[in-house]
Amino acid sequence: MIPLFKVPMSDEAPAAVAEVVGSGQIGQGAKVVEFEEALAARIGNPRVATVNSATAGLQLALRLVAGDDDGQGEVLSTPLTMEATNWAILANRLRIKWVDVDPATLNVDLDDLARKITPRTRAIMVVHFAGYPVDLDRLAAILDDAEAAFGSRITVIEDCAHAWGATYRGAPIGTHGNISVFSFQAIKHLTTGDGGALALPTDELHERARLLRWFGIDRSADRLRNPPDVPEWGYKFHMTDINASIGLANLAKADEVVARHRDNAAFYDRELAGVPGLELTERAGDRQSSFWIYPMKVDDRDGFLKRMDAAGIMASNVHERNDLHTCVREYAALLPGLERVARRVVCVPVGWWVTDEQRGHIVDTIKEGW
Ligand SMILES: Cc1ncc(COP(=O)(O)O)c(C=O)c1O
């Protein structure tokens, strides 16, 4: 079976972990600092704060911008994502307002988003689905208009869990003035085992993120002789040196990993264009996807999945729409764009492990029909 996901682990990682485990310092320490500096250099944003998952990072990001809410605050978000994106809204006791999905990109539909901003909007969550960047300049223009209309600037949180290595208008994701949250979970392009990071737009938000990820306590203070006050309570969301050492080892090969995802995706783009019953997603010239997954829209998805299974190819939609879950029933909305794609999205293996021969087999199988 050609797997849909595989853990990209550097040969250097076991020795790096052994060194930390034997060092007597396994919590948050020097390796976390070193990993954050390496991430900052790679992203091109000095304000990076690691955490123990993107799930924690998203929850913390929302707390930073919309934590003091009156119970009426709404967060605009996409239903086509991993539940982690949206449960972060619930964890902050905020209300979800679903924005429709653009069938061309599978990202949030920016026309619908613009229509749904109100004075109750506390933040906007966007997901770069599959690693394909949302049109961030257009989103910024929508926020300019909303600011002119309602008098305050709404913060955007970019869920970059799929998007390590993606660029928008020549600059890496994580540098466009929003809060960006990355995932280093097991099967992402860059893994720390489990982990995540926030890339922040201001020094003030960076400092608060660093405090709130560890109870709100200032770790740089002399806690024994001069215990610091905690003005704002925080969580236990920090990364450990064990995870950071895995991340440092894997960072060295992350560009190679992303490049192979892109190369396989370019092959599918060339070979699958025009195949009957199958529609590819948008490719705009001003952004580069990281292709964590390769989503397509197919007719008769059940038939497609059976055909792939019979040919030894793992395929899946990867994420179920979130809006139909019982726990978010009260936020139900009409989402015609999502309705058009929800039962047609399917992903085939695209990652660094897929060989030339395997991708040829995948293309031949699809071209034979299902
Ligand atoms: C879009 C999206 N957001 C958030 C997450 C959560 O990431 P983590 O497992 O690091 O908490 C995932 C995980 O796959 C994801 O796909």
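One definition before we start: the expected span of a helix is 1.5 Å times one less than its number of residues. Keep in mind also that this is a predicted model.

Now, which residues of H6 are buried? They are Leu 136, Leu 139, Ile 142, Leu 143 and Ala 146. If you look down the axis of H6, these buried residues fall within an arc of 115°, so they line one face of the helix. Asp 145 and Ala 148, on the other side of H6, are exposed.

Helix H2, residues 30–43, can be read in that way too. H2 has 14 residues, and the distance from its first C-alpha to its last is 20 Å, close to the 20 Å expected. Its buried residues are Val 32, Phe 35, Glu 36, Leu 39, Ala 40 and Ile 43. Down the axis of H2 they fall within an arc of 140°, so they line one face of the helix. On the face turned away from that buried side you find the exposed residues Ala 30, Glu 37 and Ala 41.

Next, the ligand. How many residues surround the ligand? There are 17, and the closest are Ala 54, Thr 55, Asp 159, Ser 183 and Lys 188. By type, the shell divides into six nonpolar, nine polar and two charged residues.

For Thr 55, a polar side-chain atom lies 2.5 Å from a ligand oxygen. For His 162, a polar side-chain atom is 2.9 Å from an oxygen atom of the ligand. For Ser 183, an N or O atom of the side chain is 2.7 Å from a ligand oxygen. On its own the ligand has 390 Å² of accessible area, and the protein covers 91% of it. Two elements give two or more residues to the shell: helix H3, residues 54–66, and helix H4, residues 83–91. H3 gives the most, with three residues.

Now some single residues, and first a point about backbone angles. Most residues other than glycine have a negative phi. Asp 300 has a positive phi, near 50°. Asp 300 sits in the loop between strand E12, residues 294–298, and helix H9, residues 301–310. Val 318 also has a positive phi, near 70°. Val 318 is in the loop between H9 and helix H10, residues 336–341.

Is Val 318 buried, exposed or partly exposed? Its relative accessibility is 22%, so Val 318 counts as partly exposed. The loop between H9 and H10 also holds Asp 323. Asp 323 is buried because its relative accessible area is 6%, and buried means under 20%. From Asp 323 to Arg 223 is 100 residues in sequence and 45 Å in space, C-alpha to C-alpha.

Last, Ala 252, which lies in helix H8, residues 241–272. Ala 252 has 68% relative accessibility, so it counts as exposed.

Note on methods. Residues numbered from 1 in each chain as written. Predicted model: local features only at pLDDT ≥ 70, side-chain atom pairs only at ≥ 80, totals over all residues. Heavy atoms only, no water. Near = heavy atom within 4 Å. Polar contact = N/O pair within 3.5 Å; in protein donor to acceptor, adjacent residues only side chain to side chain. Areas by Shrake-Rupley, 256 points an atom, 1.4 Å probe, with all protein chains shown as cover. Helix = DSSP H or I, 4+ residues; strand = E, 2+ residues; numbered from the N terminus. Nonpolar A, V, L, I, M, F, W, Y, C, P; charged D, E, K, R; others polar. Buried < 20%, exposed > 50% of the residue type's maximum accessible area, 1.4 Å probe, protein only. Arc of directions from axis to C-beta.
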